[in-house]
Amino acid sequence: MFNFDKNIEFLNRNNDILTIGELLVDMISADYDENFDSNTYHRFFGGSPANIAINTKRLGVNSSVVSAVGKDGLGKFLINQLEEVQIDTTCIEEVDYATSMVLITKSKSSPKPIFYRGADYHLEYSSKLTEAIKNSKVVHFSCWPLSKAPSRQTIEKCIEVARANKLIICFDPNYHPMLWEKGEDGPEYIKSIIKKVDIVKPSEDDAARLFGKDSHENYIEKFLTLGAQLVILTLGEDGAIVSNGKETVKFETLATEVNDTTGAGDAFWSGFYAGVIEGYTIKEALQLGFAVSAYKLKYTGAVVELPRLERIKEIYSIEGGS
């Protein structure tokens with residue numbers, strides 16, 4: 001069980017965070033627009049696992065990305081962005097499909113996406129991936145690679161190898177029906193995965209898509225019943241409710257300025273991961289997650305120029321230390 005007042009003890013591995021899944025381009029509207037009427041869109045680095053890798057690297061911990069991009073200009077743009085911040089790209093495959101892209105409305109609430117998928121779900125398992133897992137402390141993935149083959153089978157194998165090598169397995173259950181094949185029961189498949197992971201961070205919208213409309217307490221209980229050991233239910237401007245099955249804690253948001261919500265959840269994961277890797281307690285790491293998310297919300301795009309973790313602590317008056 002994860003104790004809120006204790007830190008997580010990791011095995012001695014060279015890489016801290018291994019993120020697996022989508023690496024893609026976010027095309028975000030220049031104007032706040034709910035109906036895609038904007039005529040101007042700007043290109044941004046995107047893909048939840050890759051966002052987390054860049055964020056954690058900037059916060060001061062080691063990260064690596066496993067993904068697939070096309071052999072095209074957008075794929076090169078994404079790889080170059082990772083290499084600029086010195087992230088290991090050894091496990092990024094270049095495949096004969098167009099680099100995936102998401103069209104997004106700039107938003108102060110929940111951004112509305114339209115998905116254009118190509119290369120991202122053509123990620124194949126490899127011996128390089130086995131070594132990357134064995135060399136890491138935490139493995140992170142989301143629903144994206146689970147929604148289509150062959151990346152689904154790749155993630156299933158990654159979970160198996162990660163469990164055998166005692167990694168902390170973290171899952172973002174960001175289920176969206178548009179990503180799944182028509183007629184496939186995505187929610188039931190996602191529920192079958194939760195028993196194999198340690199930590200989940202659903203948003204309120206994610207939980208509703210998986211379980212239907214319900215209370216926050218029931219959402220948390222359902223994730224715990226499925227087998228998650230720590231559930232972080234994020235509630236937007238209302239903060240989050242976090243439970244380890246024995247204790248439940250409410251956290252308030254630290255955000256005071258919201259320019260664009262794209263990537264806010266990834267920023268939260270990043271601050272939390274940086275905190276647990278640096279030896280903070282679970283409760284302190286959660287506060288750092290909210291601080292990093294609040295910092296990101298001031299800027300447009302999923303990835304921003306984050307300061308180091310110590311500076312984040314100062315800006316948001318976070319107590320505690322490693």
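Trainee: Let's start with a proline: where is P150 placed?
Mentor: Helices (H or I, at least four residues) and strands (E, at least two) are DSSP runs, numbered from the N terminus. With those names, the place of P150 is the loop between β8 and α4 (151-164).

Trainee: What should I know about the model itself before we go on?
Mentor: Residues are numbered from 1 along each chain as its sequence is written, and side-chain values use heavy atoms, with hydrogens and water left out. This is a predicted model, in which totals for chains, interfaces and linings use all residues, side-chain atom pairs count only at pLDDT 80 or more, and local features need pLDDT of at least 70.

Trainee: Is the peptide bond from A149 to P150 cis or trans?
Mentor: Most peptide bonds are trans. The bond from A149 to P150 has omega near 10 degrees. This peptide bond is cis.

Trainee: Is S317 buried or exposed?
Mentor: S317 is in the segment after α10 (309-315), and its phi, near 50 degrees, is positive too. The relative accessible area of S317 is 57%, so S317 is exposed.

Trainee: Which residue in β3 is the bridge partner of D26?
Mentor: Strands of a sheet pair through backbone hydrogen bonds, either parallel or antiparallel. Strand β2 (residues 24-32) pairs with β3 in the antiparallel sense, over six bridges. The bridge partner of D26 in β3 is F44.

Trainee: Which ring does R43 lie over?
Mentor: A charge sits over a ring if NZ of Lys or CZ of Arg is within 6 Å of the ring centre and within 35 degrees of the ring normal. R43 is 3.7 Å from the centre of the ring it covers. That ring belongs to F77.

Trainee: Why is the pair of F251 and F290 called stacked?
Mentor: Rings of Phe, Tyr and Trp (its six-membered ring) pair if their centres lie within 6.5 Å; planes under 30 degrees apart count as stacked, over 60 as edge-to-face and the rest as tilted. A search of the whole structure finds 10 aromatic pairs. The centres of F251 and F290 are 5.9 Å apart, and the pair is stacked because the angle between their planes is 25 degrees.

Trainee: How many residues apart in sequence are the parts that this pair ties together?
Mentor: F251 is buried, at 3% relative accessible area, and F290 counts as buried at 7%. F251 lies in strand β13 (residues 248-251) and F290 in helix α9 (residues 282-296), so the pair ties together parts separated in sequence by 39 residues.

Trainee: Which residue makes a polar contact with the side chain of K137?
Mentor: A polar contact is a pair of N or O atoms within 3.5 Å; within protein, one must be able to donate a hydrogen and the other to accept it, and residues adjacent in sequence count only if both atoms are side-chain atoms. K137 lies in strand β8 (residues 136-142) and is buried, with a relative accessible area of 17%. At 3.0 Å, the side-chain partner of K137 is D16.

Key: Pairing = 2+ DSSP bridges. Buried < 20%, exposed > 50% of the residue type's maximum accessible area, 1.4 Å probe, protein only.
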